[in-house]
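Reader: I am new to this structure and would like to look around it with you. Could we take it one feature at a time?

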Amino acid sequence: MARTVTTAGRLLELLPLFQADRRVQVLFTVGDGSAFDDGVTDYLREVQARTVSWTQAVDTPFDLAISASANGDLHRLKAPLLLVPHGAGHNRLIRSADGRAEVSGLARRQLVREGRVVPAAIALSHQEQLARLARECPEAVPRAVVTGDPIFDQLVANAERRDRYRRALGVAGDRKLVLLSSTWGEHSLLGANGDLVARLVTELPADEYQVLLVTHPNIWYGHGGLQVRLWLADAREAGLMLLPPRRGWQAALLAADVIVGDHGSVTFYGTALGRPVLLASSGHEAEELDPGSPTAALCRVLPRLERRRGLERQIETVMAGHRTYQEVTSRTLGMPGRAKGLLRGLAYRLMDLSEHDSAPLSMPLAEPCAERDEVLAFLVEADVQDTSVTLRRFPAVPGHEPDDRVRDVHLIVAAHVLDRRLLESAAIIIRDDAMPGWAAETLRRYPGCHLAAEITDARSVHLTLRDGRRLLASVRGRPPDPWCLPSAVHGRLTNGREPEDITIQVGGQEFRISVTPPPVLFEA
C-alpha cells in the first residue's frame, strides 16, 4: 500500500525479496488521504506495476499486505499487515489532537484501532526502537521484529560501484561532489536556508567542485517539479545539478565526497557511510524530532554550517578533519548485512509459505540521472606567475558573488547569454565557433570588453584584442575547457606580461598552451 512517492519507492526496493518466486503475485494500491500523493500513480505506471483501486484492495482478501507508512485506514485491509519504515528509523514527532508529541510510526493512534493492534508485524531497524515502541504503544511490542535496514545494506553492497556513479554524474578526477540533501518542511535545509543553494554553487570554484541537490519527494510533489525548478533557477544557472525523485539518490550518495544536509534520512545514511557532513538545519530545535532518537543525537554532534562565514572554507575544513559518528548511526542500523534475509523470512512466515530456494540478492543501484543547465558566465581569478597562470572559476549569477577570498577577477560570458547585464560587464565574450566580422562588432558594441574569443576546435581559440591584435591560443596534449585559454591570456595581459607559451593550472590539472599570431589572416 503506497501513500506517497517516498513510500512507493521503499516498497519497490523490497520487491527483490520475492524475485523468481512464481507463487507470489505483487499488486499495488494507493491509499487515500495523503497531502503528498501526487505522482504516486504515475510512478507505479512508469515501472509497470499492476495496481488495484483502494476500494478493491480493502474488499479483497490477500495473503500479505505491506505498507511503508503507518498512516491511513490500514485496519480495513483483509490481510496480515507488515509495517516497514520508509526512512532511517523512526525520528519525526507528530502531534495528537490534544497537542501531545508522539513518534511517527510508533505512535499508538497509528498502530491501534478499536483496541486492536493493526499490524501483524512491525519491522524495526534496530533494537533501540523497541524501548521507544514500549513507551509509545506497549501492546504493539509483541508484534515488533528487529530486521535491520535493507536500504543501508544495499548502499554498502554497491559501494564498489562509486566510480561508475561519479562518471554518470560527470564528476571526474579530483573534483569533489558536494551533495545537498533536504528533507521537507519549514525547518528543512531548503525551508530554513532559502539562499544557501545558490550561494554554494557560486562560492565554490567550478573546476574543483560540483554541487548536486537531492530533495525529499514531498518537496517535489507537494509543490510540483515546475515550482521547484523555478525556485532554483538562479542556482541551476550557476551549474547546480538537480536530481528529481526516482533518479538515483542512493547512487548519488555513494558518489558524494561531502554532504551538506539536515535531519533527513539521506544525511543520516551519508554519515553512516563515513562521508564528511555539515548540518545546515535541524528539526531538533523546532521539536520536529524525537529527542531520544539517534537522528536527534546525530544532529546534536554534527558540525553546523555557519551562514555568515565563507562556505568554501567550511567545506574544506570538514573534509580535512572530519570524524565518523558510527557510535550514533549504529543505533539505527542494526543487523548489518542481514536485513533482506530477515525481512524475507518474516514476509514468508506471514504468508504461511515456505521461502523460495533463491537467496535474496543485492541489486545494482540505478545510476543517477541529474538535470543540469549550461553555465554561461564565470568570474575568473587568475594568479599569474612567470610562465604559469592558475585559474579559479566561479559561476557568475547577478546578485551572487564569491566570498571575500576571491581577488582580481574578470568576467567571461558566452556570446549567446540573454542577460545583457552580464555582456555589458564582461571582460571576455566567447562564442562556440568562428564567424567573420563577429569579433570586431562585439568589441564595438560592448566597450568594456577587452577580448573577443572564438572557439575553433577543442584545442584552439582565436582571440581578438581591443588594441587590434589577433592571436591563436592552442593547447598541447589533452585539452581543458577551451574557455580557460582566453582567461589565461587575459590574466597575463592585465598583469603587464605578453602572451606567450603558458602553463595553465586549473582544478588540479595542468596544461601547456602556446600563443601565436594566427597562421592565416583571420577576419575578425
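This is a predicted model: local features need pLDDT of at least 70, side-chain atom pairs count only at pLDDT 80 or more; totals for chains, interfaces and linings use all residues.

Reader: Thanks! Which residues of strand β7 (residues 121–124) are buried on each side?

Author: In a regular strand the side chains alternate between the two faces of the sheet. In β7, both faces are covered. One side has Ala-121 and Ala-123, and the other has Ile-122 and Leu-124.

Reader: Which residue in β7 is the bridge partner of Leu-83?

Author: Strand β2 (residues 81–83) runs parallel to β7, and two bridges join them. The partner of Leu-83 in β7 is Ile-122.

Reader: What about β8: which residue there is the bridge partner of Leu-124?

Author: Strand β8 (residues 144–146) is also parallel to β7, with three bridges between them. Leu-124 has as its bridge partner Val-146.

Reader: Let us turn to the rings. How many aromatic pairs are there, and is the pair of Phe-18 and Tyr-348 stacked or tilted?

Author: A pair of aromatic rings is described by the distance of the centres and the angle of the planes. The count comes to four aromatic pairs. For Phe-18 and Tyr-348, the centres are 6.0 Å apart and the planes are at 40°, so the pair is tilted.

Reader: How many residues apart are Phe-18 and Tyr-348?

Author: Phe-18 is in the loop between α1 (5–13) and α2 (40–46), while Tyr-348 belongs to helix α18 (residues 339–350). Both residues are buried. Their pair links distant parts of the chain, and the separation is 330 residues.

Reader: Is the pair of Trp-249 and Tyr-269 stacked or tilted?

Author: Their ring centres are 6.1 Å apart. The planes meet at 20°, and under 30 degrees counts as stacked. The pair is therefore stacked.

Reader: Which of these two, Trp-249 or Tyr-269, is buried?

Author: Trp-249 lies in helix α13 (residues 249–255) and Tyr-269 in helix α14 (residues 265–272), so the pair ties together parts 20 residues apart in sequence. Trp-249 has 22% relative accessibility and counts as partly exposed. At 1% relative accessibility, the buried one is Tyr-269.

Reader: Where does a charged end sit over the ring of Phe-378, and whose is it?

Author: The charged end lies 4.6 Å from the centre of the Phe-378 ring. It belongs to Arg-393.

Reader: How many disulfides are there, and which cysteine has the sulfur nearest to Cys-449?

Author: The disulfide count is zero. Cys-449 is buried, at 0% relative accessibility, and is in no disulfide. A disulfide needs sulfur atoms within 2.5 Å, whereas the nearest cysteine sulfur is 18 Å away, in Cys-484.

Reader: One last point: is Met-335 buried or partly exposed, and what is its phi?

Author: Most residues other than glycine have a negative phi. Met-335, in the loop between α17 (326–329) and α18, counts as partly exposed at 28% relative accessibility. Its phi is positive, near 50°.

How values were computed. Residues are numbered from 1 along each chain as its sequence is written. Side-chain values use heavy atoms; hydrogens and water are left out. Rings of Phe, Tyr and Trp (its six-membered ring) pair if their centres lie within 6.5 Å; planes under 30 degrees apart count as stacked, over 60 as edge-to-face and the rest as tilted. Helices (H or I, at least four residues) and strands (E, at least two) are DSSP runs, numbered from the N terminus. Buried means under 20% relative accessible area, exposed over 50%, partly exposed in between (1.4 Å probe, protein chains only). A charge sits over a ring if NZ of Lys or CZ of Arg is within 6 Å of the ring centre and within 35 degrees of the ring normal. Two strands pair if DSSP finds at least two bridges between them.
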